[in-house]
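Please open the model in your viewer and keep the selection tool at hand. The tour moves from one selection to the next, with a word on what is there.

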Amino acid sequence: YRVDSVSGDAGISYYPIAKATLGMNLGGGVDNDGVSTIRAGYYTVKPSAAYRFSGKGHIETSYALTSVTLNNFKGGMRLPYTMAQGQKNGRNHNISMIFDYRLSERMNLIVTYTGRKFADQNFENFARAQIRALF
């Protein structure tokens with residue numbers, strides 16, 4: 001594969017109170033494969049939110065919708081992973097959540113969740129919880 005890419009993104013953050021952040025990112029791009037002549041156009045809309053607990057931790061969430069359109073793509077061809085940010089043709093969904101909270105001076109609770117749905121597949125869910133202790 002020989003992929004040429006042009007992309008851009010922009011974001012804005014709003015702080016309604018000192019502990020909270022609301023954000024919106026917009027992005028898009030065009031990728032061209034010089035070998036197979038596949039052309040992938042995509043755009044992404046990603047709202048996000050974060051809240052900080054006074055000296056105790058934080059929680060962050062985001063959702064990304066990425067729409068991908070392919071040209072010169074024929075049956076049996078494979079889209080190079082480096083094209084369209086690794087997303088599939090159609091609408092793709094990504095959800096992320098991180099919760100990090102200090103339980104005590106030496107213990108933290110960390111919970112993460114990631115959900116994704118490629119255009120041609122079912123929703124996949126990944127979660128992890130851990131307690132870290134410092135000795």
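**A charged pair**

Select E124 together with R116: the two form a salt bridge, and their closest N and O atoms are 2.7 Å apart. A salt bridge is a side-chain nitrogen of Lys or Arg within 4 Å of a carboxyl oxygen of Asp or Glu, and the structure holds one. This is a predicted model, in which local features need pLDDT of at least 70 and side-chain atom pairs count only at pLDDT 80 or more, while totals for chains, interfaces and linings use all residues. Residues are numbered from 1 along each chain as its sequence is written, and side-chain values use heavy atoms, with hydrogens and water left out.

E124 counts as partly exposed because its relative accessibility is 26%, where buried means under 20% relative accessible area, exposed over 50% and partly exposed in between (1.4 Å probe, protein chains only).

Next, select residues 3–14, which make up strand β1; strands are DSSP runs (E, at least two residues), numbered from the N terminus. Of the 12 residues of β1 the number buried is zero, so this strand lies largely in the open. Between β1 and β2, look for the hairpin that joins them through five residues. To see the strands facing each other, select G8, which stands opposite G28 in β2.

**Last stop**

Finally, select L26, whose place is in strand β2, and which is partly exposed because its relative accessible area is 47%.

How values were computed. Helix = DSSP H or I, 4+ residues; strand = E, 2+ residues; numbered from the N terminus. Pairing = 2+ DSSP bridges.
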